[in-house]
Amino acid sequence: FLTMMHWSLKRQSSWVQLAGHQGIKGGEVLKLYSELEAKCLDSLMRDPLRPFVPQYYGLVTRGEHCYIRLEDLLNGLRRPVIMDCKMGVRTFQEEELIKAQTKPNLRSDMYQKMVKVDPSAPTAEEHEQKGVTKWRYLQWRDTTSSTSTLGFRIEGIMMEDGTVQRDFRKIHTLTQITEALLYFTRSQLDTLVSHRKVLTSHNAYHSRLVDLKDALRSSEFFRKHEVIGSSLLFVHDHSKASVWMIDFGKTMPLPDSKEVQHGIPWVEGNREDGYLIGLTSILTALSQAISLAEGQQEGS
């Protein structure tokens with residue numbers, strides 16, 4: 001599930017490799033074809049969210065495989081710092097839940113994953129059976145992180161030296177998120193917010209997210225899709241910073257005339273994903289990080 005971009009420090013040009021993706025030189029990346037994701041990207045190219053997603057260049061075939069051609073979001077960055085935030089209050093589609101409920105087979109592999117994270121998570125009966133249903137596992141998985149409480153979770157952070165941190169499941173509070181953001185940005189105000197000098201036309205993180213929230217309000221695509229498993233990708237170096245919406249392989253169009261609000265709790269059947277709950281949480285944590293960074297700057 002990890003979509004962290006891995007930067008190759010050995011090359012000055014923009015080569016990118018994503019989990020399940022293939023990088024190519026020349027300002028583009030290739031991602032294994034998904035019909036659902038290709039349709040989403042095609043629609044987004046004509047939507048108010050267009051400035052917030054990578055440019056979609058269509059499809060290309062390499063050997064026996066078909067790929068989606070996308071803009072390389074790291075192009076032109078030197079020693080970029082990257083953070084992947086999985087958005088929403090759940091990471092499974094309602095269709096997945098329905099299938100899991102209609103076929104409640106016990107899964108030993110999912111039981112082992114639960115025990116590895118928290119030996120006390122399975123019930124006494126599940127321990128005895130050494131298995132859990134997929135339905136049980138999917139719902140439990142999102143409660144082990146800030147997904148269910150804050151509407152997003154940090155999937156991974158890669159610093160400028162190439163080191164990657166992925167263990168953020170114990171983060172559950174806004175205070176912990178704020179600390180992670182200060183670590184990620186090195187408490188640099190010019191990265192956290194447009195502060196005196198502007199980094200790029202995309203501005204810094206807080207300004208970019210405010211603009212994204214405005215675009216989401218006017219987006220027909222957003223109103224008519226269940227956005228599941230999508231990430232916000234934060235990227236910056238010494239002179240540029242931006243945020244991008246990525247990964248639409250599980251983003252489902254809603255039935256005709258159906259719309260979702262994205263900012264109310266999910267209950268089974270309402271198709272709500274909580275995307276705006278997560279975005280609001282990130283903006284709140286960013287505001288707290290900015291205040292702390294300003295205090296540190298004044299103190300020094």
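Modeller: Strand β13 (residues 231–236) is joined to β14 by six bridges, and the two run antiparallel. Here Val235 lies opposite Ser242 of β14. Strands (E, at least two residues) and helices (H or I, at least four) are DSSP runs, numbered from the N terminus. Two strands pair if DSSP finds at least two bridges between them.

This is a predicted model, so local features need pLDDT of at least 70 and side-chain atom pairs count only at pLDDT 80 or more, while totals for chains, interfaces and linings use all residues. Residues are numbered from 1 along each chain as its sequence is written, and side-chain values use heavy atoms, without hydrogens and water.

Now the whole sheet. It is open, has five strands in the order β11-β10-β7-β13-β14, and pairs antiparallel. β11 (164–165) and β14 (241–246) are the edges: each has a single partner strand, so one side of each has no neighbour in the sheet. Helix α11 (residues 275–299) packs on this sheet. The helix touches β7 (81–87), β10 (152–158), β13 and β14. Contact means heavy atoms within 4.5 Å. The direction of α11 makes about 140° with that of β7. Axes are lines fitted to C-alpha atoms, for helices over the stretch in contact, and angles between N-to-C directions run from 0 to 180 degrees.

Finally, Tyr183 sits in helix α7 (residues 174–185). Beyond its neighbours within four places in sequence, Tyr183 contacts Ile157, Met159 and Gln165. The C-alpha atoms of Tyr183 and Ile157 are 9.8 Å apart.
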